[in-house]
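Hello,

Here is the structure we talked about. Please open it first, then read the notes below.

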Amino acid sequence: MALRSVLHCCSRGGRWRRRVMPFAGGQARALATAGLEPSAPQMITEVPGPRSVQLTKELNTVQESGAVQFFVDYDRSQGNYIVDADGNTMLDLYTQIASIPLGYNHPRIIEAFKDPKNQATFINRPAMGVYPGADHVDRLRNTLLSVAPPGLRNVQTMACGACSVEHGLKAMFMTYQRRKRGGAAPKEEELTSCLKNQPPGCPHLSVLSFNNAFHGRTMGALSLTHTKWAHKLDFPQPDWPVADFPRLQYPLDQFTAENRREEQRCLDMVRDLMAQWEKKQSPVAAIVSEPVQCEGGDNYASPAFFQGLQDIAREHGASLMLDEVQTGCGITGKFWAHEHFDLREPPDVVPFAKKMLTGGFYHKDEQRPTEPYRIFNTWVGDPSRLALLEAVLDVIRTERLTDSVRDVGDYLMEGLLDIQGTFPGLLSRARGLGIMVAVDCPDPATRETIAARVRDKGVNLGSSGTSTLRLRPTLTLQRHHVDVFLDILRGVLRDVAH
């Protein structure tokens, strides 16, 4: 993260500094989709158009469809451009809620589907926990293990982000209890009481999370989620501690002391809550955070904050989970966002999903279950997604896409800061890591107006928090795509300002 480019971290004192990363020799290209994807947006109707509106009405006859933005013609969508059911062609900077790594209909993904060696994997979905394919270990080594966070060599596959967090919580609870037992086997009383949801088999333990966090919608993950009432209303939730996540002031170099105090305030709150829940005889077994709070408003903290968080976890015998579901797979300029933080040791658990195409979590040796069926479900992931991920990772390496992300991220932030300077009443707090970029609007209504007008002119954006516009493009985003976005955004802001 930096003032006029992306945010990059400095290990000295855990402070941020500006460091423009040169793109090595300018060697990256726009991948094989160049020449296939459109050169610019082409808009026919407003969005949603009449066909999307009609399809939404039809869908609503069989399920609630209030969240639908527009229907998509996926056959015609190419690269960084999405085509809706009305024929509108838009530059997609939101990419299926941050989950498309290379773009639509990428040739290498299509090749993976056509490859005969993958057909049996696509046709037969095994229950991998009990009947994995003979090639499963090799696939894991070629994909998930080949990009494992430094220091982590265990991976547990899952299907989605929420279930990855959910099962990661279970691993941390089991680890905490094994430590408490000193490695001894559970007692008979524990084995019988757990079947009635009672202690000591179901112990009174807590997990500390942060305000504005989002970790998923299943019940365990939901207990760590604190963004919108629609996620939580009517659902019983455990009494677990919730700390403040830092609210940094920008530009960072003008608020160094203030931001340091803010982060220390939040760390002090974490310590205090840990002590409070210990007194309540519901000790904190784990601390869970996103490297960047995404859904909750694209909120950042410095390496020093995360280093302090890890220190507190160690002091209390708790595990640390850094949820990389949205921040992983290269979008920040490093493969994992927490690699920017210079942590003294790896996180205990690192969930992933979205751009990784499959779910799961990496973990330390200590977090591995000591009995079978403790971390388990019918499929335990999907090996067909590993076949696709293998192609994705090959493209990331051969096209040097993390280098490209740093270069394009610098270019994007430079342009966004320039526009923010022109329209300070409409945009503020531009921030980001790599191409994971966000900027604030003065209020939710203004944010919605700007997003809708930008989309009607051909760029699909996302939102987060109460008034933030967020960009979640593919790793193949290039400077000419950024030019399209910035030109349209500038024109929309000029109209809104008048």
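Which residues form one aromatic cluster? They are F210, F245, F305, F306 and F341.

First, some ground rules. This is a predicted model: local features need pLDDT of at least 70, side-chain atom pairs count only at pLDDT 80 or more, and totals for chains, interfaces and linings use all residues. Residues are numbered from 1 along each chain as its sequence is written, and side-chain values use heavy atoms, without hydrogens and water.

Aromatic pairs

The structure holds 14 aromatic pairs. Rings of Phe, Tyr and Trp (its six-membered ring) pair if their centres lie within 6.5 Å; planes under 30 degrees apart are stacked, over 60 edge-to-face, and the rest tilted. F210 and F245 make an edge-to-face pair, 5.8 Å centre to centre, with 85° between the planes. F210 sits in strand β4 (residues 206-210), while F245 is in the loop between β5 (242-243) and α10 (256-279), 35 residues apart. Helices (H or I, at least four residues) and strands (E, at least two) are DSSP runs, numbered from the N terminus. Both F210 and F245 are buried. Buried means under 20% relative accessible area, exposed over 50%, and partly exposed in between (1.4 Å probe, protein chains only).

F210 also pairs with F305: the centres are 6.1 Å apart and the planes at 65°, so this pair is edge-to-face too. F305 lies in helix α11 (residues 303-315), 95 residues from F210.

Nonpolar core

A nonpolar core is a set of buried Ala, Val, Leu, Ile, Met, Phe, Trp, Tyr and Cys residues joined through side-chain atoms within 4.5 Å. The largest has 69 residues. Among those touching the most other members are V459 and F485. A second, separate core has 23 residues, including C266 and F341.

Salt bridges

How many salt bridges does a search of the whole structure find? It finds 30. A salt bridge is a side-chain nitrogen of Lys or Arg within 4 Å of a carboxyl oxygen of Asp or Glu. D311 bridges to R344, with the closest N and O atoms 3.2 Å apart. D311 is in helix α11, and R344 is in the loop between β7 (319-322) and β8 (349-352), 33 residues apart. D311 is partly exposed at 30% relative accessibility. R344 is exposed at 58%.

D487 and R490 also form a salt bridge (3.5 Å, N to O). They are separated by about one helical turn because they lie three residues apart in helix α15 (residues 479-497). R247, R429, R431 and D440 are linked in a network of salt bridges.

Best wishes
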